[in-house]
Amino acid sequence: MAKVLIAEDDPAINNLIFINLKLVGHECIQVFDGDLAIEAAVIEHFDLIVLDIMLPKQSGFEVIKQINNTPVIFVTAKGNLNDKLKGLSLGADDYIVKPFEILELVARVEAVLRRTSNVSDSFSFDDISVDFKSKQVFKSFIEVILTPKEFALLETLIINRNLALSREKLIFLVWDYNYEGETRTVDVHIQKLRNKLGLENRIKTVYKMGYRLEL
Amino acid sequence: MKMRFWLKTYILTLLLFLICLNVGIFALAYYTYSKSVDSYESTCSSEQFYIAKSFERDYAEVKINNGNASLLMISYGEYYAKQNINLAFLRDNEVLYSSFLDDQIISTVEQKNISKSIKQIRVNGSRYIYLSYTFGENADSFTMLYAKNISGFDSEWRSLIIIFTVTSFTISIVLAVSLYFVLKKLSAPLEQLRKTTDIIAAGDYNTKVEVVGQDEFSELAKSFNKMVEQINRQITTLELNAMQKQQLVDNLAHELRTPLTSIHGYAEYLQKAAVSEEERIDSAEYIINEAKRLQNISEKLLNTDFIRNNEITTEELSVRTLLNDAVKGLHFKAEQKLVKLINNAEDATILGDSVLLQALFSNLIDNAIKACVDNGIVEINTIIEDEKIAIIVADNGKGMTEEELKHITEPFYRNDNSRSRVEGGAGLGLALCKQITDSHNAIMKFSSEPRKGTVVTVYFTTS
């Protein structure tokens, strides 16, 4: 759970980022120009700012100079190297180029948050509690032993909670390689997770897509 | 072999001139020389005749007085030897007397069977004129040989040749030097032109050839400068076009990415998230709206491209009808934004394409409505004067700064990103208007003040 400021002038894209970050459990505030972005950042503390470069009134480059120590991910249609370098040299933590995929956005937000803020290293839902640091899972305070792959799969599902992940995507994210054909491994591991943690109702099979952890 | 034109001219002219000069000089010298030799020969001839006659007379006297003929010959020989004349007397190939220094001469003469005619003979490096005279019966049929050394002519000829050679040499040098400078000076503009051409060929199109004088070279230089100017202009135009195209493509890429990101994102959201009915409808609406935005961009792009590449068809149109139609089409939009539309258009006939002009006026009025904030008023006026018609669309909206005014007809330019996107603009409207006015030879002028409003005037010249 992190607090994220979304500064993007295009309402459609602003809303798109908003609904997706909300879906994976972040609290978001939306602003539509540079002035409002600075104002919001001064009043409240944010764990992360998702900042468009081409903002009206004050550009993202100007905004980042005026906010202190808040991690920033630049979002822009400009994909050229100069802008990227300029953004990173001004202290941005990451850079995402339009058009982007939801999963990419979520992954980058997660990565920056993990790296920069003291967001808790644990996650709980129902009677289950997960400690990402020690890689331990407890169900009703009793530790459930998971294999490393099972744990990685659970972590991926939690990060992308409420979003359906295809079997191919899961293989890429968990097993870390591109895999086209045999996806039975994923099914087997999902089945084991469901059985061990009693997640039959939480990990849903999505038609034509894959699996989704619904919270 | 690479050789400059002026150098070729120089060498050929010099060569030709020297040949003519020398041939002329030597022909003249030789003519003079042979003339003087001829006249000298006839002098010799009469001298020999005089000697012969005088000897014949004296011999007849000596014979009457039984004197010694040999003495007579000797006295004649010695007397004339002093005058550089050699005499010899022969009878039947027997030499009776000779003042010749060399007997070989006589034998040469005999061999050549010289009679009365004048001959020149060269013996041991000296030249002689020879004449023979055969006396009649009363002088015992002697033959008198007369020879005069004319080696003097040779040396005279030699010194003549030396004089001519020196003269010719001097003239040649003077000519060579002066011709060199004259030709170099004359061909200097050509050389200058060549150097400038090289500079221009290397890509510097701002270089100019210096125009001097009024000859063909200066005309060539003028034409050349004109050509370079023309090329320069065209290159500038092409570069500008290319730059604008590049900018258009850059902007287009940017403009396409934003709606594409939305469409992709919401579709992905619908696919991956467990969405509520409300979220489903909202997402679908975003997808539809962004798709419309793409469609809008593509249509306007096609339009601008269409006008740019095609001749328009003109017909006589009523200005008032065009403006009334445009106002009617935007009436609803104006009401929604609480903008008051005032149409004061007077009627006049205008030549143009009805669809394009309709689009032009609609766009201008639409922009004016969009610019309005509170208590918006959009006023449409016409000024009709003889053949000229001005159509004025004025609003009391947010206005623009001078900097913004400069860019408004550029494709995809938006003076305020968020607001005009909310209004649904693609940033192509005024670019399209510019194309339409250009294709109608009309002029579109903007004047604006921030927070006070904008006035757009389109000047048409009918005819």
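User: What does the accessible surface of chain A come to?

Analyst: This is a predicted model: local features need pLDDT of at least 70, side-chain atom pairs count only at pLDDT 80 or more, and totals for chains, interfaces and linings use all residues. Residues are numbered from 1 along each chain as its sequence is written, chains are lettered from A and ligands numbered from 1 in the order in which they are written, and side-chain values use heavy atoms, with hydrogens and water left out. Accessible areas come from the Shrake-Rupley method with a 1.4 Å probe, and for residues only the protein chains shown count as cover. Carbon and sulfur atoms hold 51% of the surface of chain A, whose total is about 10,000 Å².

User: What percentage of the residues of chain A count as buried?

Analyst: Buried means under 20% relative accessible area, exposed means over 50%, and partly exposed lies in between (1.4 Å probe, protein chains only). Chain A has 215 residues, and the buried share is 54%.

User: How many helices and strands does chain A have?

Analyst: Both are DSSP runs numbered from the N terminus: helices are H or I with at least four residues, strands are E with at least two. For chain A, the count is eight helices and 12 strands.

User: Which residue does a cis peptide bond join to Lys98(A)?

Analyst: Most peptide bonds are trans. Here omega is about -10°.

User: Is Lys208(A) buried or exposed?

Analyst: Lys208(A) has a positive phi of about 65° without being a glycine. Its place is the loop between β11 (203-206) and β12 (210-213) of chain A. With 73% relative accessibility, Lys208(A) is exposed.

User: What is the relative accessibility of Asn441(B)?

Analyst: Asn441(B) is not a glycine, yet its phi is positive, about 55°. It sits in the loop between α11 (429-439) and β11 (443-449) of chain B. Asn441(B) counts as exposed, at 64%.

User: How many salt bridges does a search of the whole structure find?

Analyst: A salt bridge is a side-chain nitrogen of Lys or Arg within 4 Å of a carboxyl oxygen of Asp or Glu. Over all chains, the search finds 25.

User: How far apart in sequence are the parts tied together by Asp94(A) and Arg108(A)?

Analyst: These two form a salt bridge, with the closest N and O atoms 2.9 Å apart. Asp94(A) is in strand β5 and Arg108(A) in helix α5 of chain A, so the pair ties together parts separated by 14 residues.

User: Which residue meets Lys208(B) in a salt bridge?

Analyst: The N to O distance is 3.3 Å. Lys208(B) is in the loop between α4 (151-201) and α5 (216-272) of chain B, and its partner is in helix α5, 21 residues apart. That partner is Glu229(B).
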